[in-house]
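Morning, everyone. I have one structure to walk through today. Have a look at it first.

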Amino acid sequence: MEKVKKYWYRYFIEYAGVTLGTLIMAMAINLFLGPNTIAPGGVTGIGIVLQKLTNGLITVWATNLIVNIPLFIAGVMLLGKSFGAKTLYGTLTLSFFLMIIPEMGATDDLLLSSVFGGVILGIGLGIVFKSGGTTGGTDLAGAIMNKFFPGLSTATHMMIVDLLVVASSGILNKRIDISLYSAIALYIIARVIDMILEGFGYGKAFFIISNEPEKIGRTILEELDRGVTILKGKGLYSGLDKDVLLCVVDRAQMAKVKEIISSIDKRAFIMITDMHEVLGEGFKEMKIE
């Protein structure tokens, strides 16, 4: 209780994030995915299929509650309380927004619906996950199934459930293209979630092996004002000790770094890799609560 009082603002922001995320998810489902029976996995995908199958008698929001509440109870009983109150809150708010937002197709074009629905749903889910919550669904079902069938990972169980939902959307409509569009939406959702969680400010990390490490390092420091670290390495074939430079820069500075290296040592060996999130001086500030 003392911890809640001390960090009340953080809890407020997290629950506000879950609320915003579920609102965005509901908009994606009721405006793009549901009206076109595009079911990109998950419990909401099951709801879209059931709503079509029963001619609207069983709604998506009702399915979300009917499936997720028992899943949440089973998860607490079998897996402990690690899922927390935010999972239950996310389930309830998503069902609420699905209920109050009218289901009216923004477009009849299946490709546009799968792309925009996938992007918007991915943004919503990403915000929910970034706020420390979930909406239950296949991640909780996968964890429960893994308890009974440990031979398959939780991720594998989730994938099986999602693929069955995707396939059922096409079978129900007797159109394989519906399943294919559902698969496109599922892929987009996963990619957008990754972008939300990992951040958009992609940096570039350079690993540089050169005969002129000191000169290259100092030039990068002076011209780009970026820190450079010298790592000690050793060539396995030659047996010689080598200094390896490590430098992280903004994407916009990548060309300049390559230009600096080339101007000093054209024979330098360079490895460049994406850094999804960089914290510390010169980049995003690291905050510890």
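A word on the source. This is a predicted model, where local features need pLDDT of at least 70, side-chain atom pairs count only at pLDDT 80 or more, and totals for chains, interfaces and linings use all residues. Residues are numbered from 1 along each chain as its sequence is written, and side-chain values use heavy atoms, with hydrogens and water left out.

First, the overall picture. The protein chain has 11 helices and four strands. The chain has 289 residues, and 40% of them count as buried. Buried means under 20% relative accessible area, exposed means over 50%, and partly exposed is in between, with a 1.4 Å probe and protein chains only.

Now contacts, meaning heavy atoms within 4.5 Å. Take those in the protein chain with a separation of 6 or more: 72% of them join residues 24 or more positions apart. The accessible surface comes to about 16400 Å². Carbon and sulfur atoms hold 65% of that. The areas are from the Shrake-Rupley method with a 1.4 Å probe; for residues, only the protein chains shown count as cover.

Next, the helix pair. How do α10 and α11 cross? Helix α10 covers residues 213-224 and helix α11 covers residues 254-264; their axes come within 10 Å and cross at roughly 140°. The axes are lines fitted to C-alpha atoms over the stretch in contact, and angles run from 0 to 180 degrees between N-to-C directions. So α10 is oblique to α11. On that scale, under 35 degrees is roughly parallel, over 145 roughly antiparallel, 65 to 115 roughly perpendicular, and the rest oblique.

Who makes the contact? From α10, it is K215, I216, T219, I220, E223 and L224. From α11, it is K256, V257, I260, I261 and I264. By class, that is seven nonpolar, one polar and three charged residues. Nonpolar here is Ala, Val, Leu, Ile, Met, Phe, Trp, Tyr, Cys and Pro; charged is Asp, Glu, Lys and Arg; the others, Gly among them, are polar.

On to single residues. Is E14 buried or exposed? E14 sits in helix α2, residues 8-33. Its relative accessibility is 18%, so E14 counts as buried. Beyond neighbours within four places in sequence, E14 is in contact with K86 and S131.

V49 is in helix α3, residues 42-53. V49 is buried too, at 11% relative accessibility. Leaving out neighbours within four places, V49 contacts A39, V165, S168, S169 and L172. V49 and I171 are 122 residues apart along the chain, yet their C-alpha atoms are separated by 9.9 Å.

L88 belongs to helix α5, residues 84-100. At 31% relative accessibility, L88 is partly exposed. L88 touches I69 and F72, not counting residues up to four places away.

Last, two loop residues. N55 is in the loop between α3 and α4. N55 is not a glycine, but has a positive phi of about 55°. N55 is exposed, at 74%. D225 lies in the loop between α10 and β2. D225 also has a positive phi of about 55° without being a glycine, and counts as exposed at 67% relative accessibility.
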